[in-house]
Amino acid sequence: MSPSLSVVADNGAALIKGEANLSERIRRLQTEAKNLAREHIMALEAALVEVERIAGEIADGGEAYPVGIREIARRLSEESETRVQAMEAILRRN
């Protein structure tokens with residue numbers, strides 16, 4: 001005769017183990033999302049720095065550029081610098 005087998009469900013232990021794995025996965029994904037967001041923010045900062053540089057060149061470009069364009073470029077350069085500084089301050093707090 002073969003030994004009798006019975007199925008015993010331990011649903012409570014499986015659920016707790018699954019929850020722990022799920023919460024670990026959620027934390028890992030949240031960390032990854034935050035890191036990707038930081039990378040995206042850094043790309044925006046780099047683009048703004050480049051805008052600031054180019055706009056400054058145009059603002060200081062003299063008569064080759066129309067007066068209105070030079071003025072827009074001057075303001076854009078100043079605004080870009082201010083925005084980059086604000087973004088860096090926000091990132092330092094987080």
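Author: Start with charged side chains. Glu71, Arg74, Arg75 and Glu78 are linked in a network of salt bridges. A salt bridge is a side-chain nitrogen of Lys or Arg within 4 Å of a carboxyl oxygen of Asp or Glu. The model is predicted, so local features need pLDDT of at least 70 and side-chain atom pairs count only at pLDDT 80 or more, while totals for chains, interfaces and linings use all residues. Residues are numbered from 1 along each chain as its sequence is written, and side-chain values use heavy atoms, with hydrogens and water left out.

Reader: How many salt bridges does a search of the whole structure find?

Author: The search finds five. In one of them, arginine 74 pairs with glutamate 71, and the closest N and O atoms are 2.3 Å apart. Both residues lie in helix α2, three residues apart, about one turn of the helix.

Reader: What counts as a helix, and how many helices and strands are there in the protein?

Author: Helices (H or I, at least four residues) and strands (E, at least two) are DSSP runs, numbered from the N terminus. The protein has two helices and zero strands.

Reader: Which residues form a salt bridge with arginine 53?

Author: Glutamate 50 is one partner, with the closest N and O atoms 2.6 Å apart. Glutamate 57 also meets arginine 53 in a salt bridge, at 2.5 Å from N to O. Glutamate 50 and arginine 53 are three residues apart in helix α1, and glutamate 57 and arginine 53 are four residues apart in that helix.

Reader: Is arginine 53 buried, exposed or partly exposed?

Author: Buried means under 20% relative accessible area, exposed over 50%, and partly exposed in between (1.4 Å probe, protein chains only). Arginine 53 counts as partly exposed because its relative accessibility is 41%. Glutamate 50, at 35%, is partly exposed too, as is glutamate 57, at 46%.

Reader: What share of the protein is made up of buried residues?

Author: Buried residues make up 12% of the 94 residues. Glutamate 45, in helix α1 (residues 11-59), is buried yet has no salt bridge.

Reader: Which side chain of opposite charge is nearest to glutamate 45, and what does glutamate 45 touch?

Author: For charge, Lys and Arg count as positive and Asp and Glu as negative; His and the chain ends are not counted. The nearest side chain of opposite charge is arginine 38, 7.3 Å away. Contact means heavy atoms within 4.5 Å. Not counting residues up to four places away in sequence, glutamate 45 touches Val84, Met87, Glu88 and Leu91.

Reader: Which residues make the nonpolar surface patch?

Author: Patches are made of residues with over 30% relative accessible area and no salt bridge: like charges are joined within 9 Å, nonpolar side chains (Val, Leu, Ile, Met, Phe, Trp, Tyr) within 5 Å. Accessible areas come from the Shrake-Rupley method with a 1.4 Å probe; for residues, only the protein chains shown count as cover. Tyr65, Ile69 and Ile72 make a patch of about 270 Å². Tyrosine 65 lies in the loop between α1 and α2 (67-93).
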